[in-house]
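Subject: Structure for your attention

Dear colleague,

I am handing over the structure below, and after it you will find an account of what was found. Please read the two side by side.

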Amino acid sequence: MTTISVKVEFSGGLELLFSNQRSHAVTIPSTDPTDSAPTNLQYLITYLRDNLLKERVELFVENETVRPGILVLVNDTDWELEGEGDYVLKDGDEIVFISTLHGG
Amino acid sequence: MSSSCGNPQAEEDTLMLRRTKFDRSKDCVRCKERAGNVVVRHAVYCKTCFVPLIAVKFRRALDPHINPLPDGPRRKGLKAAGSLLLGLSGGLGSSVLLDLVNRTYFDFSPDAGGGDDVKSGAGVKSEPRGGRDHPRNASVWPAGRVCYVETCAAFPGARDRTEHVRRVVAAYDRLEFVPLRVEDAFSSAWWARVGGAPASKDLGVDITNQDLILSAASTPHDASESESDTPASRLQRYIRALPTQTAIPSAVHTLTRVLLLYTAAATGASHLLLGTSLTSLSVSLIAGIAQGGGFAVREEAQGVWVPGVRVGAGGSGSANGNGHENGAVRVVRPLRDIGMKECAMWAWWHRLVVVGREKFPGAKQSIGPLTKEFIVGLERDYPSTVSTVARTCAKLAPKKGSATTTNNNNNNNNNICMLCERQPLSGLLTTSSSTPQRPAQDGVQDWKARISIRSFADAGSFATYRPPHFPERDLSITPSPAPTPAPSLTPFLCYACHTTLTSRSSRGTTVRAAPGPTGHPVPLPVWVGGNLAASPPDSGGDGGGADGRREEGEEGDVGETWVRRRMDPASMRVVVADFLLDD
């Protein structure tokens, strides 16, 4: 099974849910085992929830995507420009999750 | 599937269609050259154009309010009358505000514009024309301070973040750090430090009574009790006495806000800047209205606060005024046009440290967090809708004939609530008032008695009439008037504060500790005593005396006067005589 490596970073308090570690190197299959489609961001979110998230799932995921108030950057670009969860991951991608729910 | 009583043909049309996340192209709408990096309300911007976009929005919201004459010509430059105080909560908005204020007004290094530490970015500010020592380029504020109010004493188990915030502020070498604690609101020492005068009386209140009967705060009976009677313990008694989960964060928010206001006045600040973003402004507007704060909804966006009592004189933190008449402090929210997403992008691209702030763990189902959840979800799905909330609220005005309009006509706009010190927004031009303090909302108790469903036995002294449906035989449970009127806080409070202190949850979600385990009254923030002492004896709420009572039907300066008079059965028969059926 071929794999790809992506760098995942958490900010804005989200790192507290992931062992208080901001940066993670994640290796995931290049294709989704369930449907053999190329691995996309949606798969990564599920993977992070199932493998790296340590507590309080509801603060990260809602309805199988990130909960409102969490921004996602793909290689420093808003994921809304990249197709959100449908973005197909490439080896070496940098994915950043930023929580905006710190208050003002 | 349509609902059983709906119109199946029309229902599909009434659904709001979700727009695509961005219009047309993925290229930047500004430079039209580079690929976009961020979508802001359907518009795409590259990183290079995003930085000046935010800087311009920030300045556009703040610059018109800097000079003593607001909205006047600014060709000769910006010069504030006093110093600057920035309220830092540790949250995202205030962290971004701190960075923007420093870059724009305090950091004169050539790379301060915001772009140089953003990869491939272009600064929004170059070396000032004529050199940095040219009089035109003098600092806008003579001094800048950053005030952080630590709230951990209000929430058991919360972490004290003061030192973390201190380290963050230390990175901004031209800004001074002013740490406060929320329990300072109950500290005579703090009140003296800000020069609060007249000296605060130690007041307590019976929170179980709708009238909020005032009394002297309990004096310690022995040495051990005296040692435990600290500002923190007073704060905790105050918090424990609040009737709902919603009231707790609301009360802490109010205490924090007033602490900042008095600190601003005491340090000679002409401006208090708060990091409320467009998203959090929309949340606070809706949550505020839901908690009865609709009367001051415009003030939530921006306003002017005139100290109700003399501050800043004699205290160690005193200053020789702030250059505004009556020491008025302008409260400005320069991020009110910038959403939370833009703030997060700015913080990420400038590598800002966001400390975060404590949230009240038990308030998940209270009005504030539920409103926030709703607005944040709305912002994701329909990004333009959130700004509509703020724009719509900005158009709201108090009903004609209410206290604000009446008193504006009389050139008296210094009505304040003794607890939250909110004043009706009278425009940034109007900062003067030498007229006595008057309560914020005339007639609020009469109105509350008319519209709210509550036990008549709990109605307090304001229920000076018996409703027609109240049976004669139950006369014994009618609240009997007190032999001598007890001093009441109720007429000096706005509707929102009165509701915060007295409105009980139908779920009984908090344990009511009031008036205290040993019968002690609940302590009040120090400025309440100061405000009451400064209040003239005839300034009772609802147009009445200091005890807050008003003669029924008394003609005051309110635009709308309701007269309630109990009719005897014979008079009633006369009124309805034409409609009576013959026996």
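This is a predicted model: local features need pLDDT of at least 70, side-chain atom pairs count only at pLDDT 80 or more; totals for chains, interfaces and linings use all residues.

With a relative accessibility of 45%, B:E163 counts as partly exposed, a class that lies between buried (under 20% relative accessible area) and exposed (over 50%), with a 1.4 Å probe and protein chains only.

Residues are numbered from 1 along each chain as its sequence is written, chains are lettered from A and ligands numbered from 1 in the order in which they are written, and side-chain values use heavy atoms, with hydrogens and water left out.

Chain B

Chain B contains 18 helices and 13 strands, where helices (H or I, at least four residues) and strands (E, at least two) are DSSP runs numbered from the N terminus. Of its 583 residues, 53% count as buried, and chain B exposes about 27400 Å², of which carbon and sulfur atoms supply 54%; these areas come from the Shrake-Rupley method with a 1.4 Å probe, and for residues only the protein chains shown count as cover. Among the contacts in chain B with a separation of 6 or more, 74% are between residues 24 or more positions apart, a contact being heavy atoms within 4.5 Å.

An open sheet of 6 strands in chain B runs in the order β5-β4-β3-β8-β10-β9 with mixed pairing, two strands being paired if DSSP finds at least two bridges between them. Strands β5 (175-181) and β9 (303-305) of chain B stand at the edges with a single partner strand each, so one side of each has no neighbour in the sheet. On average, neighbouring strands of this sheet are turned by 25 degrees against each other, direction ignored. Within it, β3 (residues 83-88) and β8 (residues 269-274) of chain B pair in the parallel sense over 5 bridges, and B:S83 has B:A269 as its bridge partner in β8(B).

Two helices of chain B pack on this sheet. Helix α4 (residues 162-170) touches β3, β4 (144-150) and β5 of chain B, and its direction makes about 165 degrees with that of β5(B); axes here are lines fitted to C-alpha atoms, for helices over the stretch in contact, and angles run from 0 to 180 degrees between N-to-C directions. Helix α8 (residues 247-266) touches β3, β4, β5, β8, β9 and β10 (329-332) of chain B, at about 150 degrees to the direction of β4(B).

Aromatic pairs

A search of the whole structure finds 17 aromatic pairs over all chains, counted where ring centres of Phe, Tyr and Trp (its six-membered ring) lie within 6.5 Å, with planes under 30 degrees apart called stacked, over 60 edge-to-face and the rest tilted. One of them, A:F18 with A:F60, is edge-to-face at 5.2 Å centre to centre and 80 degrees between the planes. A:F18 lies in the loop between β1 (3-11) and β2 (23-29) of chain A and A:F60 in the loop between α1 (41-51) and β3 (61-62) of chain A, so the pair ties together parts 42 residues apart in sequence. Both A:F18 and A:F60 are buried.

In chain B, B:W190, B:W191, B:Y262, B:W305 and B:W527 form one aromatic cluster.

Chain A

Chain A has 1 helix and 7 strands, in the pattern β-β-α-β-β-β-β-β along the sequence, and 54% of its 104 residues count as buried. A:S19, in the loop between β1 and β2 of chain A, has a positive phi of about 60 degrees although it is not a glycine, and A:S19 is partly exposed at 41% relative accessible area.

With kind regards
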